[in-house]
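Thanks for coming. I will go through one structure, starting with its charged pairs and then turning to its core and surface.

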Amino acid sequence: ACVSMGDYQAAFPYMKKMLAANPKDKDLRLDYAAALFQMGESENAEKEFRRVLAADKKNAEALNGIGLCHLKNSQLVQAEAALRSAIKYNPKLVPA
């Protein structure tokens with residue numbers, strides 16, 4: 001509920017515990033990475049998005065997240081490449 005309301009700070013400790021109990025839960029890891037990103041931790045967020053990508057090479061949400069992390073860090077070439085890949089694997093994806 002906290003995440004849907006945008007309160008990533010409040011949700012984060014619970015997400016961290018859930019992820020420790022379910023480390024292979026791809027959706028949970030994506031949410032965790034998104035929370036890190038929203039809290040300004042783009043470097044750690046990118047690591048988590050890359051963990052999802054390691055298990056699912058064509059995961060458009062992870063690629064989108066990686067692209068946003070690069071964008072936040074002014075790495076425009078890498079951002080464009082990741083975002084283009086995300087759209088390639090899921091043309092209906094609307095990058096955040």
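**Salt bridges, core and surface**

Across the whole structure, a search finds five salt bridges, each being a side-chain nitrogen of Lys or Arg within 4 Å of a carboxyl oxygen of Asp or Glu. Before the details, a note on the source: this is a predicted model, in which local features need pLDDT of at least 70 and side-chain atom pairs count only at pLDDT 80 or more, while totals for chains, interfaces and linings use all residues. Residues are numbered from 1 along each chain as its sequence is written, and side-chain values use heavy atoms, with hydrogens and water left out.

The overall layout is five helices and zero strands. Helices here are DSSP runs of H or I with at least four residues, strands are E runs of at least two, and both are numbered from the N terminus.

Now the bridges. Arg29 pairs with Glu48, with the closest N and O atoms 2.4 Å apart. This pair links distant parts of the chain, since Arg29 is in helix H2 and Glu48 in helix H3, 19 residues apart. Are these two buried or exposed? Arg29 is buried at 8% relative accessible area, and Glu48 is buried at 11%. Buried means under 20% relative accessible area, exposed over 50%, and partly exposed in between, with a 1.4 Å probe and protein chains only.

Glu48 also meets Arg51 in a salt bridge, at 3.8 Å from N to O. Arg51 is exposed, at 52%. Through shared partners, salt bridges join Arg29, Glu48 and Arg51 into one network.

Another bridge is between Asp56 and Lys26, at 3.5 Å from N to O. Asp56 sits in the loop between H3 and H4 and Lys26 in helix H2, 30 residues apart.

On to the core. Buried residues make up 36% of the 96 residues. The largest nonpolar core has 24 residues, and Tyr32, Ala45 and Phe49 touch the most other members. Such a core is a set of buried Ala, Val, Leu, Ile, Met, Phe, Trp, Tyr and Cys residues joined through side-chain atoms within 4.5 Å. H2 gives the most to this core, with seven residues.

Ser74, between H4 and H5, has a positive phi of about 60° although it is not a glycine. Ser74 is exposed, at 59% relative accessibility.
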